[in-house]
Amino acid sequence: MCRKWGLIFLFYLFLQPLLHGQAGYVLNESFDQKPLSDIFLLLEKKFRVKFAYDEEVVTPVMISRHVQARELREALEQLFSGTDLVFQIPAPGQVLVRKEYLAPKETVSFLEINGRVTDNWSGASLPYAHVLYSESEGVATDENGRFRCRVPIKEGVPGSIQVQYIGYQSRKLALDLKNPPNDLNIRLSPKVEKLPGIVVKEKAPLISHQSGKDGSTLRISPLATMSFFVGGKDIFRGLQMLPGMNASDDLSADLSVRSGNGDENLVLLDGMTLYNVTHFFGIFSIVNPNIVDQVKIYKNAFPAEYGGRTSAIIDMRTQPMRQDGWQGVVDLNFLTSNAVMEVPIDKNMSLLLGLRTTNQDLGESSLFSKVDPNTGEVFLNLGANATSAKTVSTQQPNFHFYDANLKWTWQPSANTRFLASYFRGNDQFAYDFDRKIYPPFRRNNLYFQEEYVEKAHWQNEGASLSWNQQWNPAFKSQLVLAQSKYQNETQIGSEFSKVQNQIDSVRTQFANTHFNLIEETNVHAKNTWSLPLDQTIDVGYQGVFSHVRFQLFEDSRSPLNGNKWSPQHALYAQYQSGKTLGPLSLNLGLRHTAFDGTSYWSPRIYLDLKAEESFHLKGSFGLYQQVVRQLNHEDRFGRSFQYWVLSDDRFPVATTQSAMLGFWHKNAWFDLDVEFYLKNTDGVMEHALQRTGLPAIDGKPAPLKYILFKGEGKTQGIDVLLQKSTSKYAWWAAYTLSKSTQSFPQIFRGQPFASPNDRRHQLKLNGQYSMGKFDVGATYIFASGRPYTDFSLLNNQENDRTLLNPESRLEYLDDYHRVDLYGNYAFSIKNTEAKIGLSLYNILDRENVKYRQFIYSFLTPPDGSSPNNKLPVNTVAGTELEMLGFTPNLSFQISSSSGLVARGSSRV
């Protein structure tokens, strides 16, 4: 333990030169009657900012003094000292300069006004518009276009206000004391004129952080230029590139956040809960990337409005309503086709439709051989006398999937909006094969033949209806009604025959049936009050009504089944301090959940201390519970199946304590975010056989005894994110150092051992470069090998899980390495934009292994004819499942619209 934290401390010392490399003065200049406007040009180069000011106010000002400053704010304070000018930094890279407003000595009364600024043509809100009540005083509208201000009344006359917005005609409104305005709706008309060219100095980062909110916002538009996977752009593959997320599994788009399982994440799409986020056994994510606008991710202290999960929150919102004409996008590649269309129905209503489907039977693609080991090579792990046999497949599998999205938006007024969404995803799979397995004791032409049949069908379905109401500038409400459903049915049949001297004799028949159904109805009401100094209070109620059924049949018996319906009722409150505590931002949340007659309290706290404008310290703590969760079942073939279950006397409620300490730093070269975290979970579950190995094919089968293991999990580590964006290039590096363990009282006296998701080191590098119409990029991913159970280390007398030291049977897979290259060429014809993309996945054709799975057992022949008579009594044959090798893919995208569409965002 000491050595581990010592290494972390050394790593922290290693970072200090990076953090404080600017300890010297960035600005050290003497000025002698230097015009202030000329000094601004110098500061723009030094600090990479833009100044906005009235030339008539700034030009006459001359500066004569020596300035030494480490950062921009310090330099401006020295320059403006003794002048009648003041400055404001509304956002990184922007400085506003104006005359200092001095309140008159006489007593002044005020007129309180509030309202909303909108587009006169479309009715859309205009965020950050200027509402001026004097030449130099005013307020800006918020992100919803709303404002509130106090207009001074001089000599009994309130005067007027002037509303300005870039690209729109200014509007002046006179105020009347006899009829004081309340909840104004100020409409601005667009100003059509030719604008000079704009030079983009720096792009907005792909991942944005908000002070005082422990979450990250991922912009989806940049993902269009990134090939995270062979099937084209993929939201969940993109999320895997963030620190703390596992990106070393080519065959799973599911999210393992800080060594957690996928079911520990709450995944929302327009308020609908998605219980399964993947297609094709996990290779493709189930969410259409062309319909999503942005994703909010919480890994530490979740806001109190979210509950029911212990690892992370992924909240996805679809594209906002269009009011300037229709838009259509078509995406094609070798594997899938994707089409999205959005059509305004009238001025205040629109419809969005998305459909994605497979182009061909995926079972005929080379991907399937990577998913199912039965089409690969079978080896017999028999030491020096090992032999191998090729699989003989008689039929290719049949696999298709599709997903569809429908969204209706209606905004009858500036303060009211209704939104309805529907989602459906469907997977169909059918597969059968014959194969021969040759044991090493080949006497009298002996081999075993297996006939295998598998059929599976799973689907996700969800619908949501939300109502958003802005009652006044300080109070708004939201009501969401949502329903989700996930169902999985799988039937597996195997028949093993012993063939000797060309004579068949059926020895063993196996039949497995898996069924899982979860239905959820969700009611969520939330009220938000906006207080002075950017304070906010959220208060809400959430009711979740869940029904879960699951059943496993093995031959004629059912070792695992359940059918339960139970509600959850939660009340929560959240407070954000805003600017009341100066440089300290404080978020406090408390959630109370009632389930099965028991009360669960979930406190959350997040702190953000702005030590400097470019340096923040942060910390968080949260206590979370999860009652709807997945149980991992390992069948007699060593294959894992996940069942959604509802906590009861058998399945404990998972409880997780999560803590984080870290910092954020930004300078001219990079943005750096570092988080040290600790996560403890009580209620970890595994459903597996007490004894490892399988019933013998030749001989009497051993009885199967399953045990539900219940224990604890612990994860600790550090996440580091380093990123930089300019107008030409963008890059980031994500690194995670972690250790994850589990312990079960039933296994070796509760001694901890490495969890299946333990990855000591993970490093993800990505770089992009823009050359006009071309975008090129490269990705490199490294991860330490994960642990697996090596049954070959056991013998017939040592196969009881409860007695074995887990560390004695753990081996580690080889380290994971992968290099990808990708590029796009974009062009346009009138209102149609097109893009051709090429991705080269795993260009070095690295052989990465997902897992080693042990399947069959062979007994030594009764006559002792095994080689050297030294074969163990229970020897295993297994499969090594490799991940994807070099895989190229070509894609083509076209998008057309009847109006001008903003694509992405930039910072000037």
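Strand 32 (residues 535-554) and strand 33 (residues 557-576) run antiparallel and are joined by 18 bridges. Strands here are DSSP runs of E with at least two residues, numbered from the N terminus, and two strands pair if DSSP finds at least two bridges between them. Within this pairing, Phe 550 has Gly 562 of strand 33 as its bridge partner. The two strands form a hairpin with two residues between them, and Asp 555 in the turn has a positive phi of about 60 degrees.

Strand 33 is also joined to strand 34 (residues 584-595) by nine bridges, and these two run antiparallel. In strand 34, Arg 591 is the bridge partner of Tyr 572.

## Basis of the model

The model is predicted: local features need pLDDT of at least 70, side-chain atom pairs count only at pLDDT 80 or more, and totals for chains, interfaces and linings use all residues. Residues are numbered from 1 along each chain as its sequence is written, and side-chain values use heavy atoms, leaving out hydrogens and water.

## Surroundings of Tyr 812

Tyr 812 lies in strand 47 (residues 810-812). Contact means heavy atoms within 4.5 Å; leaving aside neighbours within four places in sequence, the contacts of Tyr 812 are Ala 754, Asp 758, Gly 785, Arg 786, Pro 787 and Tyr 788. Gly 785 is 27 residues from Tyr 812 in sequence, yet their C-alpha atoms are 5.6 Å apart.

## The whole protein

Among contacts between residues at least 6 apart in sequence, 66% join residues at least 24 apart.

Methods: Helices (H or I, at least four residues) and strands (E, at least two) are DSSP runs, numbered from the N terminus.
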